[in-house]
Amino acid sequence: MQVFANPASHNPEFEFFCGNRVPCFENTRRFDFVAEALRGAGLRLELPAEFPDAALLAVHSARYLDFLRSAWREWQASGNEGDAFHCVWPTHAMRRDQLPENFAARLGFFGFDTGSPLGPGCWQAARRGADCALAGAHHLIGGGASAFVLTRPPGHHAGIEHFGGYCFLNNAAIAAQALRDGGVSRVAILDVDFHHGNGTQEIFYARGDVFFASIHGDPSTEYPFYLGHADERGSGAGLGSNLNLPLPAGAPTADWVA
């Protein structure tokens, strides 16, 4: 099995959880733990080649990518120190066709929680993570039997133009789109993270060419709360290509396996 890895230096110090400042759960130890297991199994971690931005634009909006590229520089230029956090968010009744010039407003425009600190190296880490996903997809297109992508920050909460849940670029969606563009007719994403992959669902919800299935904690009690219910089956051409399997708290392993 071919392994593509992104040993990013992106390492936020803290996040806010339920109003409390806590150590950031998404840190370098997550990468190190898996990398050690892979090396112990005799697998070699390969750094990916760099891919053009066109592959990202097939999944994310141009204005969102422009924001992520410059966000840390703008945050510093505004006289701030440390990682960038939100202070305002638009509600459903507010406009999204007008992108604010104010940086704090744009930070809330594109982000949806206080658990995703945006700091130095964040964009570079996310961008190299996307390269890992693309390398894995192209390895399969070229005839490879399988690929394992080890990268952080993660991706499945990132949507067409929003970040949250530690996710900035949606690696799974970028890989799936690359497979489709590479001529693969049947592509499916199976998301087994405890939390629903709301960003991935949004990206493919109205499309029938990529099947998305997610097994996760019931969104009525678990993050990200606002998507992931069983009645979300896709729309338009994507109707029937979205499968959510929410499990109640305390569900035993046997239920998850079934």
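This is a predicted model: local features need pLDDT of at least 70, side-chain atom pairs count only at pLDDT 80 or more; totals for chains, interfaces and linings use all residues.

Me: Is strand β7 mostly covered or mostly open?

Reply: Strand β7, residues 210-217, is mostly covered, with seven of its eight residues buried.

Me: Which strands does β7 pair with?

Reply: Strand β6 (residues 187-191) pairs with β7 in the parallel sense over five bridges. Strand β8 (residues 242-247) also runs parallel to β7, and six bridges join these two.

Me: Which residues face each other there?

Reply: S214 in β7 is the bridge partner of D191. H216 stands opposite P246 in β8.

Me: What do β6, helix α7 and β7 make?

Reply: Together with helix α7 (residues 198-204), strands β6 and β7 form a right-handed β-α-β unit.

Me: Changing topic: which residues make the nonpolar surface patch?

Reply: The patch is made by L190, V192, W256 and V257, and its area is about 420 Å². L190 belongs to strand β6.

Me: Is L190 buried or exposed?

Reply: L190 is exposed, because its relative accessible area is 59% and the cut-off for exposed is over 50%.

Me: And where does A49 lie?

Reply: A49 is in the loop between β4 (45-46) and α2 (54-57). At 49% relative accessibility, A49 counts as partly exposed.

Me: What is A49 in contact with, beyond its neighbours within four places in sequence?

Reply: Those contacts are R128 and D131.

Me: How far is A49 from D193?

Reply: Their C-alpha atoms are separated by 27 Å, and the two residues are 144 residues apart along the chain.

Technical notes: Residues are numbered from 1 along each chain as its sequence is written. Side-chain values use heavy atoms; hydrogens and water are left out. Buried means under 20% relative accessible area, exposed over 50%, partly exposed in between (1.4 Å probe, protein chains only). Helices (H or I, at least four residues) and strands (E, at least two) are DSSP runs, numbered from the N terminus. Two strands pair if DSSP finds at least two bridges between them. A crossover is right-handed if, with the strands pointing away from the viewer, the path from the first strand over the helix to the second runs clockwise. Patches are made of residues with over 30% relative accessible area and no salt bridge: like charges are joined within 9 Å, nonpolar side chains (Val, Leu, Ile, Met, Phe, Trp, Tyr) within 5 Å. Accessible areas come from the Shrake-Rupley method with a 1.4 Å probe; for residues, only the protein chains shown count as cover. A salt bridge is a side-chain nitrogen of Lys or Arg within 4 Å of a carboxyl oxygen of Asp or Glu. Contact means heavy atoms within 4.5 Å.
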